[in-house]
Amino acid sequence: MPDLLDNLQLARLPRAAENFRREVKEFLADHLPHAPAEVRSRSWMAFDAEFSRKLAARGWVGVTLPKRYGGADLDSFSRFVLVEELLAVGAPVGAHWIADRQSGPLILKFGSDAQKDDYLPRICRGEIFFCIGMSEPNAGSDLASVGTRAVRKENGWRLKGQKIWTTNGHKCDYTIALVRTSGAPTDRQKGLSQFIVDLRLPGITIRPIVDLAGDAHFSEMFFNDVELPDDALVGSEGDGWKQVNAELAFERSGPERLYSSIVLLDRWLQFLRETGTAQDKLEHIGRFATHLATLRQMSISVTSKLAAGESPVVEAALVKDIGTEFEQMVPAVIEAALGADPSQPCPDDLVRAAGYVSQVAPSFSLRGGTREILRGMIARGLGLR
Amino acid sequence: MFAEAIESILSEQCTPAHVRAIERGTTPQALATAIADAGFLELMAPEDAGGGGASWRGLFDVVVLCGAYAVPLPLAQTIAARTLVAQPDQLPPGFITFAPSLARSSNGSLYAAHVPFARVSSHVIADGGTHLLVFPTADAERVPSGIHGDPMESLRWRVGSGEQLASPVASQQFAALGALLHAALLAGAMKRAFDLTMRYANERVQFGKSIGKFQAIQHQMSVMAEHVAASRIAAEAAFASGSPMPNPVACAVAKARTSEAAQLVASIAHGVHGAIGVTEEYDLQLYTRRLHAWRIAHGSESYWNRQLGRMFVDSAEATTVDFVRSLLEAPTA
């Protein structure tokens with residue numbers, strides 16, 4: 001068995017990707033909407049179609065897609081840099097996020113020529129936005145037990161079932177749904193397929209779900225005998241599980257698994273600098289830097305595997321698990337620090353940012369695969385199961 | 001290539017049995033001679049001075065092996081010492097260790113507290129403030145650490161001891177170097193502790209199956225793997241962070257990250273092993289005792305994180321990400 005730990009080798013961002021960073025910083029200096037820290041902390045949960053279209057106009061949506069579809073044809077390293085810079089300042093990237101990260105690459109990899117010609121240029125122009133159609137009420141961590149079913153009809157499919165926890169589902173145009181096309185839920189990974197579902201079709205109801213922070217960032221969607229055309233099927237019938245797993249390597253390893261609390265950390269540091277009160281927090285602050293510098297190298301290591309055309313599913317799971325632990329450590333420490341001396345009140349916007357990030361922090365190790373699922377995958381990768 | 005050659009010596013002459021014997025007081029002469037005769041002490045000396053001309057990245061693999069084999073000699077320090085001087089012959093022969101600190105008492109004597117590997121070193125290099133100084137251990141008043149198996153000693157030299165070392169290396173760089181070497185030693189020892197624990201989890205049967213089949217054990221192994229991987233990459237990045245010397249800031253990250261992981265990795269390794277893991281006869285203790293000693297050596301995570309915290313607060317970088325990017329990046333060529 002190849003040693004999983006030997007697969008995470010030091011890798012460097014190539015010079016071209018670093019040069020690209022300057023362009024991204026210039027763009028953000030001009031176009032980042034001014035917003036307080038608690039708003040910027042929403043970053044890839046925040047749906048801002050106008051900002052996504054500005055990015056698209058600059059050529060930076062669908063960045064890894066080929067030029068003939070309107071993509072920027074950038075490698076995974078340049079995408080890492082783009083995403084890192086966007087998240088570093090809390091840009092509202094949620095609208096195009098899923099299409100750029102995984103739906104576009106999925107269609108490119110598994111879609112027909114007609115599907116590529118149809119969807120990819122519109123993704124790159126920021127005209128259509130995608131959401132993930134994986135979880136169901138009874139298929140969360142146990143994703144293979146999905147019960148939503150597509151039945152073959154003449155000239156198409158009939159879709160019936162339900163998806164849930166779909167980030168920004170009520171604002172998106174399409175979902176790529178993992179559904180059963182043959183067999184029963186007991187058949188597990190066999191008999192699953194993926195469909196591109198136009199969310200405006202008759203028979204679809206989408207309801208936003210309000211979260212504990214007061215946002216309606218996710219939703220539930222109901223498919224009541226939705227008639228899908230033949231070409232809604234993406235990839236091969238029965239290959240859904242394999243395709244979804246290829247998607248998850250993209251979904252799990254990126255900077256968004258390290259930087260969810262970064263705007264809060266920036267705002268706290270600004271406060272400590274302004275008030276000259278960092279002295280007794282230095283060890284915490286340095287520890288954040290130590291962890292983040294290391295995690296970033298791990299994430300770049302996984303990115304180098306994506307760039308080489310590999311599908312580092314287990315390595316991505318490893319980086320996501322330890323990355324989200326850091327993301328959760330930041331609000332935990334800052335929350336304690338903000339209440340360390342009631343006679344020294346902190347600025348309102350800092351308290352609001354800490355409040356928001358603390359509230360949503362549990363989701364960091366839920367979305368994209370729970371901590372327990374990831375640790376099980378790592379154990380399997382180590383050869384323990 | 002250097003690493004393979006050194007490993008072939010270590011796998012024969014630095015087995016757990018050899019390590020135990022040297023810890024009990026047997027002379028390390030045979031191992032020392034084998035390494036020195038093969039020319040490995042001159043690995044980092046320039047090629048035109050008869051050395052190996054190895055890079056820092058090349059040295060990383062060697063120091064990781066020193067950790068993984070629990071090499072009971074300051075081999076990493078002795079090799080790295082060649083980079084502190086212009087000519088290798090400025091250094092005395094034999095094994096050299098680094099002092100984490102040097103204090104001058106009111107009577108002028110010089111005191112180096114808690115010097116790793118001192119018992120098995122012939123010389124100590126210490127930072128005398130304006131110069132690096134080299135001291136023979138034989139001239140010192142020596143106090144053993146008193147920690148079971150640990151060759152650390154505190155040493156005191158009389159007034160006027162210590163020879164100045166003509167070295168272009170600044171204090172800050174010397175301190176970072178001692179920390180960096182221990183970061184890679186920790187990475188190597190952690191990987192070996194992890195491998196032993198994996199093997200044990202697969203072999204040990206309870207309730208009719210190997211304990212590695214239990215989810216509670218699997219998740220602990222996954223967490224351990226994450227910290228071993230993080231430690232390795234942090235240390236490797238620091239070794240690759242600069243030339244002629246590694247970037248001290250990257251060294252700080254490496255030592256802080258590996259030191260924090262060391263405690264956790266040792267704890268999980270012992271937890272999974274159960275009672276056999278804390279016996280003298282089982283090999284795990286050779287590595288976990290070192291994880292604890294090396295965590296403290298040349299500054300624990302508390303020290304280095306505080307240094308980094310100060311830099312972070314004083315930094316003019318616009319964002320956290322900009323600051324963090326600057327830490328482990330290799331300087332642009």
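In strand S7 of chain B, Leu155(B) is the bridge partner of Arg142(B). This is a predicted model. The pair belongs to the contact between strand S6 (residues 141-144) and S7(B), which pair in the antiparallel sense over 4 bridges. The points below start with that sheet, then turn to a helix pair and to some single residues.

**The sheet in chain B**

- Strands of a sheet pair through backbone hydrogen bonds, either parallel or antiparallel.
- Here, 4 strands of chain B form an open sheet, and their pairing is antiparallel. Their order is S2-S3-S7-S6.
- Which strands are the edge strands? They are S2 (103-104) and S6 of chain B, and each of them pairs on one side only.
- S7(B) covers residues 153-157. Of its 5 residues, 4 are buried, so the strand is mostly covered (buried means under 20% relative accessible area).
- Strand S3 (residues 110-115) of chain B also joins S7(B), through 4 bridges. These two strands run antiparallel.
- Val115(B) stands opposite Glu153(B) in S7(B). Leu110(B) stands opposite Trp157(B) in S7(B).
- In a regular strand the side chains alternate between the two faces of the sheet.

**Two packed helices in chain B**

- Two packed helices are described by the angle between their axes and the distance between the axes.
- Helix H4 (residues 56-68) and helix H6 (residues 171-203) of chain B pack at an angle of about 55°. Their axes are 7 Å apart. That angle makes H4(B) oblique to H6(B).
- Is the crossing left-handed or right-handed? H4(B) passes H6(B) in a right-handed crossing.
- On the H4(B) side, the residues in contact include Trp56(B), Leu59(B), Phe60(B), Val63(B) and Val64(B). Cys66(B), Gly67(B) and Ala68(B) are also among them.
- On the H6(B) side, they include Leu177(B), Leu181(B), Ala184(B) and Leu185(B). Gly188(B), Ala189(B) and Arg192(B) are also among them.

**A buried serine in chain A**

- Where is Ser43(A)? Ser43(A) lies in the loop between helix H2 (37-40) and helix H3 (49-57) of chain A.
- Its relative accessibility is 7%, so Ser43(A) counts as buried.
- Leaving out residues up to four places away in sequence, Ser43(A) touches Leu86(A), Leu87(A), Gly90(A), Ala91(A), Pro92(A), Val93(A) and Gly94(A).

**Backbone exceptions**

- Most residues other than glycine have a negative phi, and most peptide bonds are trans.
- Trp165(A) is not a glycine, yet its phi is positive, near 60°. Trp165(A) sits in strand S3 (residues 156-167) of chain A. Its relative accessible area is 47%, so Trp165(A) is partly exposed.
- Arg188(A) is not a glycine either, and its phi is positive at about 55°. Arg188(A) is found in the loop between strand S4 (174-180) and strand S5 (192-198) of chain A. With a relative accessible area of 33%, Arg188(A) is partly exposed.
- Which residues does a cis peptide bond join in chain B? The bond joins Ser243(B) and Pro244(B), with omega about 5°. Pro244(B) lies in the loop between helix H7 (215-239) and helix H8 (248-273) of chain B.

Technical notes:
Residues are numbered from 1 along each chain as its sequence is written. Chains are lettered from A and ligands numbered from 1 in the order in which they are written. This is a predicted model: local features need pLDDT of at least 70, side-chain atom pairs count only at pLDDT 80 or more; totals for chains, interfaces and linings use all residues. Side-chain values use heavy atoms; hydrogens and water are left out. Axes are lines fitted to C-alpha atoms, for helices over the stretch in contact, and angles run from 0 to 180 degrees between N-to-C directions. Angles under 35 degrees count as roughly parallel, over 145 as roughly antiparallel, 65 to 115 as roughly perpendicular and the rest as oblique. A crossing is left-handed if the near helix is turned anticlockwise from the far one by less than a right angle, and right-handed if clockwise. Contact means heavy atoms within 4.5 Å. Buried means under 20% relative accessible area, exposed over 50%, partly exposed in between (1.4 Å probe, protein chains only). Two strands pair if DSSP finds at least two bridges between them.
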